[in-house]
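The sequence and structure come first.

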Amino acid sequence: MTEDYAVGNLVGRAEAYLNEVALTSLTGAVTVLHKSQGLLPIAEKVKLVGQCIDAIAYIACKENQFSGSGRAESGTDNAISDMVSHPKTIVDWWAEDLTVLRIDVFQRVLIAMMARGFKQYALGPVLMLYAQKSLRGLEVFGKGRKKIEPHQEHEKRVVLETIVSLLPRERNAMSVSFLSVLLRAAIYLETTVACRLDLEKRMALQLGQAVLDDLLIPAYSFTGDTLFDVDTVQRILMNYLEYQVDGNRFSFSGDNEYVSSPLSDMERVGKLMENYLAEIATDRNLSVAKFISLAELIPEQSRITEDGMYRAIDIYLKAHPTLSDMERKKVCSLMDCQKLSREACAHAAQNDRLPVQTVVQVLYHEQQRIRHVMDGNLTGGDSPAVPSKINLYSADLHPVSNELSSLRRENEDLKIELLKMKMKLKEIEKSSAKSSAASSPLVNAQYSADKPPLPRKSFINSVSKKLGRLYPFVRADVVSPSNPKTRTKPNKNRRHSIS
C-alpha cells in the first residue's frame, strides 16, 4: 500500500486526504482524532494521534488570536473578566467538539494548545463544558447513597482530578459556583486530598464573590453527623483569612497579582458567613464547639452590626433547647451587645432564650446609647450600631425630628421600666431586712460568715445581685430570708431553753 508498489496507492492517498481535507478544519481534526481513539495503539504508532493534536492546537490558537485581537489591547484583567462573563461567544463553537474526546486525549490537546501560546485563562469555558458533560449524573446537591457503579465512579474520579489539574491559576478565570460544584463532586467521589485542598484554596481566593448556596455543601456521610460539611467551609474561611494577612495576594503566581478592596470584600465575606451560621444553626447535630469555632473565625472588622450574629445565635438556641446555662453563655459571648441595632435590642430584651446577663447588658448599652443621642453627643464612631444614615441624602429635616421624638418616647418607656424595677427591688430589700432581723442571731451570724455581702460597685453588679436574689433555685444549706421553708431549724434543746 506504499508508493514503492505503485503511484497513488492507499497510504499516499490517505495522507493527502488528511493534510488537504480532514485536518484543515477543527471539526474534521477532532472527528479523526475521536475515531482514532478506537484504533490505539496502532493509530499512535503511525503518528496519526499526534498529527491530529497538532492540527487542533494550531487551528484553536489561530482562532483565539483572531477573536481576541480586539481585547488584547485592554490588558489581561479585562480579558479574563470578558472570558468569564461571555464564554459562549468566544469558544463555544469549537469547544463543543472537544467534549467527545477521552480525558487523556483531551488533556494532551490542551497541553499542546498552551505550548503554542494559547492563554491559560481562556481554557476556563472549555473545561466547564467538558466537566458538565463528563460529570453528568452525579447527585452532588443532595445527601443520599451513591447510585453509581464502581468502575464509573473510578472513571469520573480520574476525569475530575484531571480537570482540576488543568484549571487556570489566575483569579476570576473560573466562577465560584463552578468551583463549588467541582468541590462537591470531589467530596462525593472521594478524590485525593490534594485535589480537594486545591479546590478549597481556589474558592478562598474568590470567597467575596460567593453566595450562600455555594457554601451549603452536603456532608456525604451516614454516621449521623451534621447535614452540611462545616469543616470544609471552615478551612475555606481560614485560607481566606491567611490570604488577607499575606497582603491580599489572590494569585498563585507572582506575575499576576490581583488586589481586592479589603474593607468591602471583608464585609461581604462577614455577611456571607453570618448567613451561613444562621443556615446551619437549625441542625440539631451541630455541636456547640463547632458552632463557636466557626463563628470566632469571622473577623470583627467585617461586622458593622451584630444583627446577623444575633440572628444566628437566636436560631441556634431555639434549635438546641437542652443547652446548659454555661453553654448558652458561651454562645452569646460571640456577639458584641454594643453593636446591636435598636430592633435587635428590642427583640433581645424580650428573648427568653438568652441568659439574664446578656439581657442586662443589652438593656444597659441601649440606655447608654439613647442617653448619648439625647445629649447630642453621638458621632459616627461612637456607636456603629445606631443607624447614622437617618437623613443624610435629603434636605428635608422632618425625618430627623420624627426619629428624635421616637427616641424620646423609647427613653421615657425605659425610664419608667427602670423606676418600676428599682421600686420592686427596694420592697424586696425591706422585706428581706425585716425577715433577717427577726431571725436568730446565730443564723444571721452563720449566714453572714458563709456569704459576706459584696460591696456595690456599679449598676450592672447591683442589678445582677438583686436578680440573683430572685432566682428560685437556692441551695439547701443557705438561708433565704424571703423563703421560710429553706430556713435552718434550730435544735430542740435550744428551742425550749430558758429565756
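## Aromatic pairs

F106 and Y130 are both buried, where buried means under 20% relative accessible area with a 1.4 Å probe and protein chains only. The model is predicted: local features need pLDDT of at least 70, side-chain atom pairs count only at pLDDT 80 or more, and totals for chains, interfaces and linings use all residues. Residues are numbered from 1 along each chain as its sequence is written, and side-chain values use heavy atoms, leaving out hydrogens and water.

The whole structure holds 2 aromatic pairs, counted when ring centres of Phe, Tyr or Trp (its six-membered ring) lie within 6.5 Å. F106 and Y130 form a stacked pair, 4.1 Å centre to centre with 10° between the planes; stacked means planes under 30 degrees apart. F106 belongs to helix α7 (residues 103-115) and Y130 to helix α8 (residues 124-134), 24 residues apart. Helices are DSSP runs of H or I with at least four residues, strands are E runs of at least two, and both are numbered from the N terminus.

F291 and Y316 also form a stacked pair, at 4.4 Å centre to centre and 15° between the planes. F291 is in helix α15 (residues 288-297) and Y316 is in helix α16 (residues 307-319), so this pair ties together parts 25 residues apart in sequence. F291 counts as buried because its relative accessibility is 1%, and Y316 counts as buried at 0%.

## Helix α9

Helix α9 (residues 150-166) has 17 residues and spans 25 Å from first C-alpha to last, close to the expected 24 Å; the expected span is 1.5 Å times one less than the number of residues. Its buried residues include E153, K156, R157, V159 and L160. The buried residues of α9 pack against α7, α8, α10 (176-189) and α11 (193-205).

## Cavities

There are 2 cavities of 30 Å³ or more in the whole structure. A cavity is a set of points on a 1 Å grid over the protein atoms alone where a 1.4 Å probe fits but cannot get out, and lining residues have an atom within 4 Å of a point. Volume is the space filled by probe spheres set on the points, which are joined across faces, edges and corners.

The largest cavity holds about 60 Å³. Of its 10 lining residues, P168, E170, R171, R202 and Q206 are closest to the centre.

## Whole chain

The chain has 23 helices and 0 strands. Of its 499 residues, 41% are buried.

Conventions: On a 1 Å grid over the protein atoms alone, a cavity is a set of points where a 1.4 Å probe fits but cannot get out, and a pocket is an open set with protein on both sides within 12 Å along at least five of seven lines; lining residues have an atom within 4 Å of a point. Rings of Phe, Tyr and Trp (its six-membered ring) pair if their centres lie within 6.5 Å; planes under 30 degrees apart count as stacked, over 60 as edge-to-face and the rest as tilted. Buried means under 20% relative accessible area, exposed over 50%, partly exposed in between (1.4 Å probe, protein chains only). Contact means heavy atoms within 4.5 Å.
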